[in-house]
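The sequence and the coordinates are shown first, and the description follows.

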Amino acid sequence: MFALQLLFNAIVLGAAYALVALGFVLVLNATGAVNFSQGDLVMVGGYAGLALFTWYPAPGILLLPLVLLGMAALGLLVALTAYFPLRRRPPETVFISTIAIGIILQNGANLLFGPEPKRAPALLGEGEIRVGTLVFGLQSIAIVAVAAGLIAGLHILFSHTQFGRRLRATAQDREVASAIGIPVDFMVAATFAVGVALAGVAGLLLARGFFVTPTDGANYMLKAYVAVTIGGWGSIPGAVVGAGLIALFEVVYPALPALFPALVPALDGLPLFSQNASVIVLDALILLILVFRPQGILGAATKARA
Amino acid sequence: MKRIAAACLLLAAFAHEANAVEITIPVLVPLTGFLATEGASQRNGAILAMTTPPAGVSVTYDVSDTGVSPEVAVNALERAAGEAPLAIVAPMLGTQMLAMLPVALEYKTPLLTISGTAAITRQGNPYVFRFFPDDATTKTAQVRYALESKGVKRPAVIYQTTAYGQSGHAEILKALKRAGIPPVYEEALDVSVKDMTPVLAKARAAGADALLLHLHSGPSALLLKAAASGGYRLPIIAGSGLSQPSAVDLLEPSELADVCAETSSSPISAETPAMRSFLDAYRRRFNADPDGFAVAQYDGVGMALEAVAKGATTPAALTQALASTSYAGLAMTYRSDGHGDMAHSAVIICYDGKTRIPTVVAHYTNDAPD
Amino acid sequence: MKRRADAILLLAVVCYGAYAFATGSSYTLRVFSVAGIYALMAIGYQFIFGQAGALALSQGTFLGIGAYTSGILALRFGLPFDAALPFSVGLPVLLALLVAVPVLHLRTHYFALATLIVGQMALLVATEWQDLTGGANGLGGIDGISLAGFLIRPGWPLAAAVWSAVALGGSLAAWLTRGRAGHAYAVLRDHPAAAAAIGLDAARLRLFAFLLSAAFAGFAGSIYVHVIRVISPDVLGFPLMVTCLTIVMIGGRFGIAGAIAGAVLVIELPEWFRPLRQYYLLAYGVILLAVVIAAPGGLIGALRLLLPDRRDPLPPAAIPLSLPAIARASDASDALLDIAGLSRRFGGVRALDGVSLTVRAGEVLGLIGPNGSGKTTLLDCVTGLAAPDHGHIRLAGIDITGLRADRVAHAGIARTFQNVALVDAMTALDSVAIARPGRDLATARGEAMTLLDRVGAADIAMHPCGGLAGGSRRRVEIARALALQPRLLLLDEPAAGLNETEQADLARRLRDLSRDGMAMLVIEHDMAFLARLVDRMACLDGGRLIAEGSPAAVRGDARVIEAYLGSKGHSSRPPQPMGAGIAVRRPILSVHALEVRYGDLVALHGIDLDIQPGQAVALLGANGAGKTTLMKAIIGLLPPAAGDIRFDGASIATLSPSRRARKGIGYCPEGRRVFPGLSVTENLAVACWGSAAQRQHKINEMFAMFPALAARRHSPAWQLSGGEQQMLAIGRSLMNAPRLLLLDEPSLGLSPRLTDEVIDRIPGIVATGTAVLLAEQNATRALGVCDTAYVLVGGVVTAHGPAAELATSDDVRAAFLGV
């Protein structure tokens, strides 16, 4: 029972992280550039929901499409300022420009909303569903549902629409895509819009149960970067897998002594499953993956040419 | 004749003006970074005190951000101290305070701070004045309340990996050791931890009958939420992080049932008429609720201003006054113990589960000699 | 070379420093001291991030470790600043060594993440190991800087001490990176393959840079902890690393002047913005963004544009350098280079298939073969840039198979590259001097002068390579190869991009070298050039050696002719002269006086070309003649330097490629380039800009035209064979019903049978009204399906006319195989 609760919690967090990581990897694929403001954009999504609700207290579910659209517009702005002017420069330049964007976003949020943690409105209202000792908060269910929906939507976009197929083509070979009629600059801008919209939605979803503060960005950014590296640099399913793994490490790993009480005496006081230890173990795992299998778990050679 | 009268009146007015002492107290607090909330409380409390000075005193102030790193704080201090102010309101971040101490020594300017880190008054620096009870006082209060009033026998200790958390944790352990009751479970949490289920489960599995928390405001609220929804009916005695209005506002009143916290004072409980008018004035000016940090800083600046009104108009005189006199502030009476610790009592506040306004249920005064 | 921009920046810093000292304000001096600490860290960071070009996110960690070491030693053991230096500098270097071994070879983002993770772990250790580090609260009460027992007071003495350290560190860094070392890193960054080919050990260079950066960071950290006198974990946090990165991006990745000025600016800026109160960090972010966008090379880059370096106009005196003379005649029968049974596969393609070849001492061997036949792969295997799957390579009897590239260079084999691998910013002289190992700079330069003279490039010795014409660049590269004093010189298309006179001159000089005993293997397409130069010739096709012998014999060999010009084909349909009687209407494509450049290299000279609607036109020429360049210019992937391109009467020269494609130009690129992750159906679908119904109709049409594709309609394109991918690429280019189809070398890498299948489609395509421009090496087959043809040699049209005429004329043969 408890294991199921943990699993559910991990799925909830993993779903939110997956959105962030997906947004990150889409931009990475399309441009080869690392968007280091992705984490701060998650934070902005949370505040966007809060701001919209303060301005007009609409039901939470209406906020979702509004935040989606607003963040998409912000994504275009980020592309225009931090990416397009630097297209022909070495990739580290975009690293720095997006770091600068992150600084602007973080301090802007601090000035506009203050530094205290705040809560965004709930999507489906408060309340929870109880099954025995298991608790499924409505917001948690909303997170999983929205994330699943968006991921499914992305999948449909990419495999069943011309626009989505062309986005993929642009990411795989921009020069040839251009030569067969695809407006590649527009595609790249659209990819930024989608990537940032995903981050914003994740932020809106997380900001209810886990609050939002201006300094949240760094944590989400690191998680996205790690998820994409573990899952496979450039792989879309890999980003989801990587995000899930991180959530597992965050939620399930530290709870193992509670799940398996026999572990406790065996450990003999060694803090192998503390919250800090889970970070160290995850870090060690990342280093091992980088050294022995740098292409990540799912980063198979999908680009092999005959 | 009228003109002479008018001239005399003018002269009298100027003479009166000339009697008003004008002093400067720069305010150096973290306004960005992870302690920005607490820094804002410091700033607000200081400003409220400085804008309602005693008669004959007029204060100019300059607010500067110290961020999170020690060197930025030291730079800010050098800049402020170079203008030869009377005193300086200093950040509550321990590492920044430690870095600032040598500079204060050099400029011989008193620092008015509310940092809880024990070490800052143990460096033999006569210019540091701490208006917040140190961690030993507050944690002793927290532990004593838990053990004596709540009858806790198997406490679990959950603390933050930050400076605030680690020094609080050390003091909790010392207090528990003095009482001969070891914790059944301890865990340090990073501020970014979101899911509190594992730590709660492990505490319960260890057989804890209460949770002693020492977390920042956001994580405190997260843990309380998780405890409530996970059905953990354990009494929780939290640290001052929970007493901040920003933390309480994140919670539903029902999630605060059987929850207590230690703090230096609880302005929102408005125990005395003076506290009541402070609460109203603070709300009017800042459109927010004050916490114990704001009160402590308000009192600290208030003590300095009262000393100025009594004639301590130079840094040296002020230092002497702060070190040797006592001051009846809003939260408590402040008096130096010889090392710069001015505050020696803490309170325990408890929530009834129906409102967000706690009641003060206990006062603890630290009379232990040094 | 006097660097004026650097001097200006340093002067600005000195002025500011003088101002700081003059004010005597301890605040100003303190901020200035802190800026000095960051300057030291940034100078160190320039080694790994600038010189070695690796995005390391570890600089803050190393500074923190240096700080912690010095702080803990001071508090626990009373070690003063100077006594603790060996440890506070040594420990970060040791950690760098440990970290470097597993991760330094990783590519950019992996390396960045690995260093980031190591930093996170260090932060965690510092926070949790409270007994040692004081935990999150850190440790306070650390003494100030003391040197030889004297405590340095805060204020101007401290600032003077810190900036003396900066001057020291800066001088050291400047000395380490000036001259040869700096040049070595430049070559390593811009042309890693060439760096190995001139004997530079990339791994060692990178490691050295990494360790240096750690040492500087540790030094800066130990100063930091004694200035701030407190140690806490935020010195290991990521924000510090971001500050370091910011300083180097703003100040410039190279040159200590930039690092120092950048540090002063980045540290002072928030202080100057203090009056903005809580808005100052916001302003900081905006300024950072603005600087990054406006100034790509940072401050120093922008300044250098305004104040270009003064060039030292006088070349040094030449110091003679002998090239090893190999004994000739009697032991000419000895094989110097012996290649036996060499094979290499790339995925499903056999790049080399059992090639056996020898180069005798003192002889010049020419290696020819159509595009994709494996010539460059052969060179790569011999020089160690690629490892063969089977076979052996012996140099003077010693097995060098699989030897690392830099070791091969030391063993006596030097090479040049198809795309000249020179660093634009380096002078020709230094480019050659860098390949002289173990000499001091003056001697190396003198010897380089001799070599440049040898190749006829002495007059441009002091010019930066970026400004040189194509021919000169080739000569410089050859001189650099000679600088290794090799026994064997491998040249990859040395005549490409040279005009007649230059070619003749180069051939003469190479002949002279050969007469002096240098053995050479020359890959070339230009037969005229080779004829003057080589003793023997060999021909590769499809990875196999198909002919070997005297030049005349090889050029006349039927198999060689077939490899280049193609066979008549085995299709049942005899070639039809298409549209011979079409009246000349307005051309669907009209190219007029088109000129295209790659930098200074002129790839197309004044091309005039017309294609009538519904006509099939062949574009013939050897590799490097400019066929693909022309195709790319028509579709818009390359901008025209002069001239016009008109499609259906309207000029398209300023339109983007995607606009041109949607106007009705289909493009099938060289090398197929299908979208690997998309399925066959998806590859087709993305190229159609009609309605869904039209799209489905077109897809069905394509599947009817290429049944092999229909069978694999859901497979991802990367799984398809070469021939299937070619079909897919053609199909994709037809999806939008183009009025003009550009087909670039569809037979590349295909077997003769598949080539037939592909080329045979063209009449069918033309029959639907689509004009076709077919660029092909396989001239015979191309002429069989086209109406007219253009012959391209060296970027110029040398002949054009009806296909039937050209098929029998000598122009085509001459274009490929020389007169």
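A residue is called buried if 20 or more other C-beta atoms lie within 10 Å of its own, exposed if 12 or fewer do, and partly exposed in between, with C-beta atoms placed from the backbone. The model is predicted: local features need pLDDT of at least 70 and side-chain atom pairs count only at pLDDT 80 or more, while totals for chains, interfaces and linings use all residues. Residues are numbered from 1 along each chain as its sequence is written, and chains are lettered from A and ligands numbered from 1 in the order in which they are written.

**Chains B and C**

Helices (H or I, at least four residues) and strands (E, at least two) are DSSP runs, numbered from the N terminus. Two residues are in contact if their C-beta atoms, placed from the backbone, lie within 7 Å. The table sets out the two chains on these terms.

For chain B, the radius of gyration, taken over C-alpha atoms, can be set against a globule rule of 2.2 Å times the number of residues to the power 0.38. A compact globule of 370 residues would have a value near 21 Å, and the 22 Å of chain B agrees with this.

**Domains of chain B**

Domain bounds come from an automatic or database domain assignment. In chain B this gives domain 1 (2-133 + 271-339) and domain 2 (135-263 + 347-365). The centres of the two domains, taken over C-alpha atoms, are separated by 30 Å. Where they meet, 13 residues of domain 1 of chain B are in contact with 16 residues of domain 2 of chain B. On the domain 1 side there are 4 nonpolar, 6 polar and 3 charged residues. In this grouping Ala, Val, Leu, Ile, Met, Phe, Trp, Tyr, Cys and Pro count as nonpolar, Asp, Glu, Lys and Arg as charged, and the others, Gly among them, as polar.

**Chain A and its partners**

Chain A is in contact with chain B through 30 residues of chain A and 29 residues of chain B. On the chain B side, α2 (36-51), β9 (185-189), α7 (197-205) and α8 (217-229) each supply at least two residues. The most come from α7(B), which gives 6 residues. By class, this side of chain B has 12 nonpolar, 12 polar and 5 charged residues.

The contact between chain C and chain A takes 57 residues from chain C and 51 residues from chain A. Several helices of chain C give two or more residues to it, among them α4 (81-103), α5 (108-128), α11 (238-251) and α13 (280-294). The side of chain C that touches chain A has 39 nonpolar, 13 polar and 5 charged residues.

Confidence in chain A is given by pLDDT, the predictor's confidence in each residue, from 0 to 100. Its mean in chain A is 89, and 97% of the residues reach 70 or more. Over residues 301-306 of chain A, pLDDT stays under 50, and the model has 16 contacts beyond four places in sequence for them. Where pLDDT is low, the predicted coordinates should not be read in detail.

Two strands pair if DSSP finds at least two bridges between them. Chain C has an open sheet of 4 strands in the order β6-β5-β8-β9, with antiparallel pairing. β6 (349-360) and β9 of chain C stand at the edges with a single partner strand each, so one side of each has no neighbour in the sheet. Antiparallel strands β8(C) and β9(C) are joined by 2 bridges, and C:Leu395 has C:Ile398 in β9(C) as its bridge partner.

The loop between β8 (390-395) and β9 (398-399) of chain C holds C:Ala396. C:Ala396 has a positive phi of about 50° although it is not a glycine. Is C:Ala396 buried, exposed or partly exposed? C:Ala396 is partly exposed, because 16 other C-beta atoms lie within 10 Å.

C:Glu493, also not a glycine, has a positive phi near 55°. Its place is in the loop between β11 (488-492) and α20 (500-515) of chain C. With 22 other C-beta atoms within 10 Å, C:Glu493 is buried.
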